[in-house]
Amino acid sequence: EPRKMFATAKTSSVGATRLVARQQRGGRVAAAPAVAMRHAAQARRLAAAPAIAGAKLVVRHREAPTAVSAARSALQAFAMAAETAPGNGTKVMIIGGDGYCGWATALYLSKQGYEVAILDNCCRRTFDTQLGFDTLTPIASIHDRVAKWEELTGKKIQLFIGDVCDYEFLAAAFQDFEPDSAVHFGEQRSAPYSMMDRSRAVFTQYNNVIGTINVLYAIKEFSPDCHLVKLGTMGEYGTPNIDIEEGFITIEHNGRTDTLPYPKQGGSFYHLSKCHDSANILFATKSWNIRATDLNQGVVYGVYTEETAMDEMLINRLDYDGVFGTALNRFVIQAAVGHPMTVYGKGGQTRGFLDIRDTVRCIELAVNNPADPGEFKVYNQFTEQFSVNELAEIVSKAARNIGLEPEVINVPNPRTEMEEHYYNAKHSKLEELGLEPHLLNDSIVESLLTFAVKYKHRLKRELILPAVDWKASSSMIKKVKAPAA
């Protein structure tokens, strides 16, 4: 039965390719080894799954025609399995799978039939411990989470607990799991955290840039056909006074024309680390023929996905503090607990936003539509754009609908940024691939408000206001202390 064969197969088609090549070198394949290799490689590209029968048959037989037939049989087996498993058994390593976006993505892909592994050192939890923060929602340990998922669904998620900056650990994980796609969320993702002090700025740059370089080397050395799906940020672009294209812009200058990477203007050491990542990945695709897709993601909101809602043990984190909390989530929680919504400065800052359910779907679309060898795809991953003032009004309206009395206040902007500006970012490519967005409306905000009310007893009000000032960042290690309300 295809699904069972799919789940139990241990040898990948890349293994079949290597076996054919090894037999050729040993003189055991007399003719047409290239044909067999091509079929085995095709099986892996199209189905991105273990070669159920091909590799074993190739190694068992000696004559080239049988080797070719075996590789073709593998391709046919893939096609049969694809009809019964939506994810085609594609092996996807989620780097940073214990985090906000990574956890939701890991469960979603696992449910869709992908073979998922999580690689994470759980440092996001350590940051909370160091700073005295906590997610509004009670989250279980990563081991308990994946155990509960397997109990509920029968689907196993493999765990690799360690640091992406530790190359020996990362290399061993790649060799063990042999991913077809590596989804890289595993970075320090907070702009305020990166601006707290020198030590955290250095940590952010080192962790993010070196970690990504390590992933590139691991792909090159151990999984050369692996497709890298890297989470970037729309913040790489800044707020230029022209339209923001999806990754590249065609420029005519002094009579000559070229298509170049869109100019980057990161607004924090975090955003700049993402800019460095993009440049490094582009270089690696050209130099090493790596496949890579960069997803410049907007601000994510929400906590509900079908998978995380299956059990309390699977619930996702929901941050509200001034360091890791994002705009819409913070506003919802502030309204839910009766705290004024804090608009930074004039509130004209405009950004792209998307629902967490669209994040996981975008990842699936990127995995299913890999870049070609040597290609660097870039998608702008968001569905709508709003100013901070518009977000506050949307949340206020939804809060009043459920009997709350929201208030909005303007507080001094702790960031160095334009508070009124032009903003028009293109974001059509993912919708062309099949994304059907969950657009922000009253019902979505109301459900998030109800969710926040449920857990409001866990909130520490002193953590709501902004606590990191861009201009005050120094070499002195900063302890977070929220200003008086």
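# Questions about contacts, burial and packing

Me: Which residues is Ala 201 in contact with, leaving aside its neighbours within four places in sequence?
Reply: Ala 201 is in contact with Ser 194 and Phe 269, where contact means heavy atoms within 4.5 Å. This is a predicted model, in which local features need pLDDT of at least 70 and side-chain atom pairs count only at pLDDT 80 or more, while totals for chains, interfaces and linings use all residues. Residues are numbered from 1 along each chain as its sequence is written, and side-chain values use heavy atoms, with hydrogens and water left out.

Me: Why does Ala 201 count as buried?
Reply: Its relative accessibility is 9%. Buried means under 20% relative accessible area, exposed means over 50%, and partly exposed lies in between (1.4 Å probe, protein chains only). Ala 201 therefore counts as buried. This residue is found in helix α11. Its C-alpha atom is separated by 9.8 Å from that of Ser 474, 273 residues along the chain from Ala 201.

Me: What makes α11 roughly parallel to α12?
Reply: Helix α11 (residues 198-222) packs against α12 at an angle of about 20°, and their axes are 9 Å apart. Such axes are lines fitted to C-alpha atoms, for helices over the stretch in contact, with angles running from 0 to 180 degrees between N-to-C directions. Angles under 35 degrees count as roughly parallel, over 145 as roughly antiparallel, 65 to 115 as roughly perpendicular, and the rest as oblique. The pair α11 and α12 is therefore roughly parallel.

Me: Which residues of α11 and α12 meet?
Reply: On the α11 side they include Ala 201, Thr 204, Asn 208 and Leu 216. On the α12 side they include Phe 269, His 276, Ile 281 and Trp 288. The crossing of α11 past α12 is right-handed.

Me: Why are α15 and α17 described as roughly perpendicular?
Reply: Their axes come within 9 Å and cross at roughly 70°. α15 and α17 are therefore roughly perpendicular to each other. Their crossing is right-handed. Ile 394, Val 395, Lys 397, Ala 398, Ala 399 and Asn 401 in α15 meet Asp 442, Val 445, Glu 446 and Leu 449 in α17.

Me: Which residues touch the most other members of the largest nonpolar core?
Reply: Of its 45 residues, these are Leu 136, Phe 331, Val 332, Val 395, Leu 440 and Leu 449. A nonpolar core is a set of buried Ala, Val, Leu, Ile, Met, Phe, Trp, Tyr and Cys residues joined through side-chain atoms within 4.5 Å. Elements that each supply at least two residues include α7 (123-131), α13 (327-337), α15 (388-401) and α17 (442-454). α13 gives the most, with seven residues. Leu 136 is also in contact, beyond its neighbours within four places in sequence, with residues including Leu 318, Ile 333, Ala 452 and Leu 459.

Me: How do you know that α6 is mostly covered?
Reply: Eleven of its twelve residues are buried, among them Tyr 100, Trp 103, Leu 107 and Ser 110. Helix α6 (residues 100-111) reaches 18 Å from its first C-alpha to its last, close to the expected 16 Å. The expected span is 1.5 Å times one less than the number of residues. Gly 113, which follows α6, has a positive phi near 105°.

Me: Why is Asn 254 called exposed?
Reply: Its relative accessibility is 70%. The cut-off for exposed is over 50%, so Asn 254 counts as exposed. Asn 254 lies in the loop between β6 (248-253) and β7 (256-261), and has a positive phi of about 50° although it is not a glycine.

Me: What makes Asn 289 partly exposed?
Reply: The relative accessible area of Asn 289 is 47%, so Asn 289 is partly exposed. Asn 289 is found in the loop between α12 (269-288) and β8 (291-297). Its phi is near 65°, a positive value in a residue other than glycine.

Me: Why is Asn 369 classed as it is?
Reply: At 26% relative accessibility, Asn 369 counts as partly exposed. Asn 369 lies in the loop between α14 (356-368) and β12 (376-381). Leaving aside neighbours within four places in sequence, Asn 369 is in contact with His 227, Lys 377 and Leu 433.

Me: How many helices and strands does the protein chain have?
Reply: There are 17 helices and 14 strands. Helices (H or I, at least four residues) and strands (E, at least two) are DSSP runs, numbered from the N terminus. Buried residues make up 54% of the 485 residues in the chain.

Technical notes:
A crossing is left-handed if the near helix is turned anticlockwise from the far one by less than a right angle, and right-handed if clockwise.
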